[in-house]
Amino acid sequence: MDQIERARDLARLLLAESIPRRWAHSQGVGRKAESVAHLVGDDGPAMVSAAWLHDVGYAPDLVVTGMHQLDGARYLRDVARVDDLVCRLVAHHSCAYIEGRNRGISDQLLSEFPPVEGVLSDAMTYADMTTTPDGEPVEVERRLAEILDRYGDGDLVAESIREARPLIINSVHVITAALAEH
């Protein structure tokens, strides 16, 4: 069984029954990541694996800090023994450092999981932020609006996404432009 299959199976195990809508989203993000993996070269399998696993921190048994990126990455590192790059991608997906700072736990996030930057980070953000909660493709602006609506004004996640919005949109534009060139 290869890295991506293991990631898909683990995500299914952690999400499919306990939070099926999150599993549907993860399936869509995994498929989207597969469609852009060629843009990140040899890191493609790690990026696709991280896409499948990016939301496992929402699994009820894994919630510790309430920040799903960090909770998921810790589980993947400490329990599932997943590759370091995959853990770092999960920990930092979709501008998670902003939420970490807003929660007062950015020191933990950054010390445990060094950030991933560049096209690899952009591809992860693209896969997540162009996929609906039901796993369907969506424009980034609609996805961001859906997140803000779901969490509501004043919510820490909503405020973090609002702050991250220009960075998220830029990541989507970077990958969209790269796809147009290939």
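Hi everyone, let's start in the middle: the largest nonpolar core here has 58 residues, and Leu14, Met47, Leu53, Val56, Leu76, Leu89 and Ile168 have the most contacts inside it. By nonpolar core I mean buried Ala, Val, Leu, Ile, Met, Phe, Trp, Tyr and Cys residues joined through side-chain atoms within 4.5 Å, with buried meaning under 20% relative accessible area (1.4 Å probe, protein chains only). Helix H10, residues 156-181, gives the most to this core, with eight residues; helices are DSSP runs of H or I, at least four residues, numbered from the N terminus.

A quick word on the source: this is a predicted model, where local features need pLDDT of at least 70 and side-chain atom pairs count only at pLDDT 80 or more, while totals for chains, interfaces and linings use all residues. Residues are numbered from 1 along each chain as its sequence is written, and side-chain values use heavy atoms, leaving out hydrogens and water.

Now, what does H10 pack against? The axes of H9 (residues 140-151) and H10, lines fitted to C-alpha atoms over the stretch in contact, come within 10 Å and cross at roughly 175 degrees. That makes H9 roughly antiparallel to H10, the term for angles over 145 degrees. The residues of this contact (heavy atoms within 4.5 Å) divide into 11 nonpolar, no polar and three charged.

Finally, His25, which sits in helix H2, residues 20-36. His25 is buried, at 1% relative accessible area. Its side chain joins that of His54 through a polar contact of 3.2 Å, meaning a pair of N or O atoms within 3.5 Å, one able to donate a hydrogen and the other to accept it.

Conventions:
Buried < 20%, exposed > 50% of the residue type's maximum accessible area, 1.4 Å probe, protein only. Helix = DSSP H or I, 4+ residues; strand = E, 2+ residues; numbered from the N terminus. Axes fitted to C-alpha atoms, helices over the stretch in contact; angles between N-to-C directions. Parallel < 35°, antiparallel > 145°, perpendicular 65-115°, else oblique. Nonpolar A, V, L, I, M, F, W, Y, C, P; charged D, E, K, R; others polar.
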